[in-house]
Amino acid sequence: MNLELYHNSMSTCSQKVRITLAEKKKEFTSHHLNLRARDQHTADYLNLNPNGVVPTLVHNSLVIYESAVIDEYLDDIFPDFPLRSSDPYEKSLMRRWVKQLDEGVHAASATVSACIAFRYQFIEGKTSEELEQTLRGYVDPEKRKRMTENVMEGVDSSFFKPAIMRIVKMLNEMELVMKNRDWMAGREYSLADVAFTPYLTRLVHLQQDWLFDSRPRVADWFERVSNRPSYEVAMQKWFNLDFLALMEQHGADNCKRIRKIISAIG
Ligand SMILES: N[C@@H](CCC(=O)N[C@@H](CS)C(=O)NCC(=O)O)C(=O)O
């Protein structure tokens, strides 16, 4: 069984897949891509994944991409330690959660991260031509437009407010459903919990986990997912300390401002 993962240490979509692999207790051959050096936009990688994003899984020469699809594929080929309920309703709940990531949550998290912290990695040490070239590299035109404004304007980007409010909506929904369930999609830990773990971790790294204070079920859930052995293997072990320091510094600097934005919008 040959499993090769093209991924990045701090990418939320890669983290999702690494958590699934860790829950399944599977090792993989790592191909780590430096997203800031645009490894994902090389012709070789685009041949593998035409969307120019990570992760991509290669399993016995079959190429699988889209993290939610990879996670279900892994659950199909490694049925031990199942991450989808056998109950059709619970499975539908899991899929509804996961779907939300591609329908706004992932883009919102990327915007929040870029506006607060990652923009500095794009800007620093680059000429304006180099910066333009990097931003032009985005395959998806909408993403290109969004990232260009986010990098140039930071938290003043017009994309920032809707993005942070999308994150608040996500936390509110999590808080609400976990009134009646232990886990996001039912009685058992599932691919929904796997998929959201990186996004809540990102909020912690960006110093925005004060948002958990008024949401005790979310706080408790985060404590439980981050205490699973898979968290250490798939998340912590890969944390990039430079990224953590950057997020901590700029996250703390922006806390007051973000609290104000959220309380003004409601
Ligand atoms: N829907 C895709 C999204 C993948 C995605 O956006 N990956 C990000 C990292 S989390 C990426 O590769 N960004 C680099 C780029 O867009 O150039 C998935 O779930 O796999």
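Valine 53 touches Tyr45 and Lys143, leaving aside residues up to four places away in sequence (contact means heavy atoms within 4.5 Å). This is a predicted model, so local features need pLDDT of at least 70, side-chain atom pairs count only at pLDDT 80 or more, and totals for chains, interfaces and linings use all residues. Residues are numbered from 1 along each chain as its sequence is written, and side-chain values use heavy atoms, with hydrogens and water left out.

**Around valine 53**
- Valine 53 sits in the loop between α2 (43-48) and β3 (56-59); helices (H or I, at least four residues) and strands (E, at least two) are DSSP runs, numbered from the N terminus.
- Valine 53 is partly exposed, at 26% relative accessible area (buried is under 20%, exposed over 50%, partly exposed in between, with a 1.4 Å probe and protein chains only).
- Leucine 33 is 20 residues from valine 53 in sequence and 9.8 Å away in space, C-alpha to C-alpha.

- β3 and strand β4 (residues 62-65) run antiparallel, joined by 4 bridges; strands pair if DSSP finds at least two bridges between them.
- Histidine 59 stands opposite leucine 62 in β4.
- The hairpin has 2 residues between its strands, and asparagine 60 in the turn has a positive phi of about 45 degrees.

**Helix α5**
- Leu131, Thr134 and Leu135 are the buried residues of α5 (residues 128-136).
- They're on the same side of α5 because they cover an arc of only 95 degrees around the axis, taken from the directions from the helix axis to the C-beta atoms.
- Those buried residues pack against α4 (88-123) and α6 (141-153).
- Exposed Glu129, Glu132 and Arg136 are on the face turned away from the buried side of α5.
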